[in-house]
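Here are my notes for you, point by point. Keep the picture open while you read.

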Amino acid sequence: MAEPLRVAINLNSPVPAYRQIASDLRRHLVEARLKPGDLLPPIRQLALDLGVHFNTVALAYRLLADEGWLELKRRRGAAVMARHAPRAVDQGHVDHLLRQLGHIAAELRSAGMTARQISSALRRIAQGARP
Amino acid sequence: MTSFSWAMMLVVTMHALLFHAMPRFSRPDILFAVTVPDAFVRGAGRALLSRYRLVVWCGAGAALVIALVLTAASFATERRAFVMMAVVAGNMIVSASAWLWAHRTARPHAVPDSDTRVASLVPRDTSLPGGVLFAGGPFALLLATAVLVSTQLDQVPTNSKPLGPFGALAMGAVYVAMMLTLAMSLARRTRQIAVDNPAAAAEQRFRRVNVLVLVLAGYGMAIMMSTVTLEAIPSFSGTLSPRLWIVMLPIMLFNFGVAFWMFRVGQGGHRSVASTAREVRGDATPDHAWKVAGLFYFNPNDPAIWVEKRVGLGYTLNIGNKGAWLLIGMMLLPMVAVRFFF
């Protein structure tokens with residue numbers, strides 16, 4: 001059964017709400033559950049349903065628009081764009097993400113996972129499986 | 001027994017029936033305006049409900065007995081009316097106190113507010129039922145009446161009001177504008193509680209019916225004000241009022257039908273879907289934000305202007321939201337309009 005198109009946030013998470021919203025949306029986008037031309041809910045509607053400030057959702061949409069995933073529409077939310085090639089991303093940001101991945105890998109090794117297990121889990125996640 | 005005594009006894013009985021049914025108006029995991037666990041609803045909550053209803057009916061029974069005794073006693077008519085009204089008021093205080101007591105008893109059993117919030121990424125329909133043309137109908141009706149009146153101005157008796165014979169139409173337009181604003185805000189500024197299953201569709205249907213009632217209220221007012229205005233013209237006088245029921249009756253029947261339907265499907269339409277289709281507990285509002293035994297919702301951190309009621313069916317304003325106060329201010333407009341236009 002297809003995973004429903006949802007976004008979830010945890011108010012107690014140290015990750016800011018707009019990043020949580022953007023992460024969930026990005027996952028739907030890279031796994032092609034959201035296709036080019038699909039409309040996302042208007043900012044106000046999503047903010048209302050999540051019970052967060054409108055700016056929180058606007059920030060998340062802006063982040064994904066900057067990555068080339070979304071086209072923002074006045075009053076109508078956002079539309080998913082056809083993204084043939086990833087937009088040029090700041091190399092510093094990529095390095096930062098890889099460093100974070102390194103920390104996570106070290107924690108997993110420390111918890112008893114082997115390098116092979118980590119790499120196979122990472123491959124599954126990269127192919128769209130939920131951890 | 002006078003008709004007044006009968007009316008008072010009917011009020012007491014209807015009131016007791018309303019308070020008896022009130023706990024059933026809420027979503028299944030909300031009891032006495034508190035979000036409680038299923039185990040409480042099935043166990044201690046059921047006993048609490050029985051005790052609450054016992055108090056309500058004892059209060060009503062006592063009020064009816066006093067009313068009968070008073071009817072038999074030789075009281076002066078004015079004094080009897082006063083005492084009867086005191087009996088009805090006393091019964092209302094007993095029922096309200098029973099609700100307050102039950103609410104306070106349930107509060108310690110409230111489930112903690114969830115840290116997780118989920119929303120669907122599928123845009124939902126927030127337009128007015130029937131579209132803009134249908135929503136604009138009452139204005140068209142008022143405008144058509146105004147044009148008709150302006151062609152027969154020589155027949156209209158003069159009055160000293162600023163808008164002359166058009167006062168009632170202006171008043172109607174203010175009321176219709178108010179109803180449409182309420183309808184639009186209800187359609188757009190209410191949180192969707194169920195996320196993306198049949199429960200969400202039922203909830204959306206419930207909301208749209210509530211919006212439609214507001215739009216139809218505008219039609220009712222436009223028809224009434226048009227009739228009032230045209231009745232002042234001798235060539236129409238006495239022809240429209242007797243036939244007013246032809247349009248008002250269907251609107252009233254529709255409203256009664258909606259009230260019955262809402263009672264059947266329950267708050268947010270939850271009874272129209274299987275309980276397994278409901279994923280979200282409660283109504284996605286924190287318990288601490290509900291004040292006065294669950295009557296008022298005050299949450300400045302909630303962007304929703306409207307939320308589902310916890311006491312009764314339908315929606316109520318989030319009085320912690322500035323937008324809600326704009327709406328409340330706007331609801332006073334017709335009262336101001338009456339002062340100026342009539």
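1. Which residue is the bridge partner of Val7(A) in β3(B)? Ala119(B) is that partner. Before going on: this is a predicted model, where local features need pLDDT of at least 70, side-chain atom pairs count only at pLDDT 80 or more, and totals for chains, interfaces and linings use all residues. Residues are numbered from 1 along each chain as its sequence is written, while chains are lettered from A and ligands numbered from 1 in the order in which they are written.

2. That pair belongs to β1(A) and β3 (residues 116-120) of chain B, which run antiparallel and are joined by five bridges. Strands here are DSSP runs of E, at least two residues, and helices are runs of H or I, at least four, numbered from the N terminus. Strands pair if DSSP finds at least two bridges between them.

3. Now the whole contact: 24 residues of chain A touch 19 of chain B, where contact means C-beta atoms, placed from the backbone, within 7 Å. On the chain A side, α2(A) gives the largest share, six residues.

4. Chain A also has an open, antiparallel sheet of three strands, ordered β2-β4-β3. β2 (39-40) and β3 (70-73) of chain A each have a single partner strand, so one side of each lacks a neighbour in the sheet. Between β3(A) and β4 (residues 77-80) of chain A there are four bridges, and Leu70(A) sits opposite Val80(A).

5. Over in chain B, look at Asp154(B), in the loop between α6 (137-151) and α7 (167-188).

Notes. Two residues are in contact if their C-beta atoms, placed from the backbone, lie within 7 Å.
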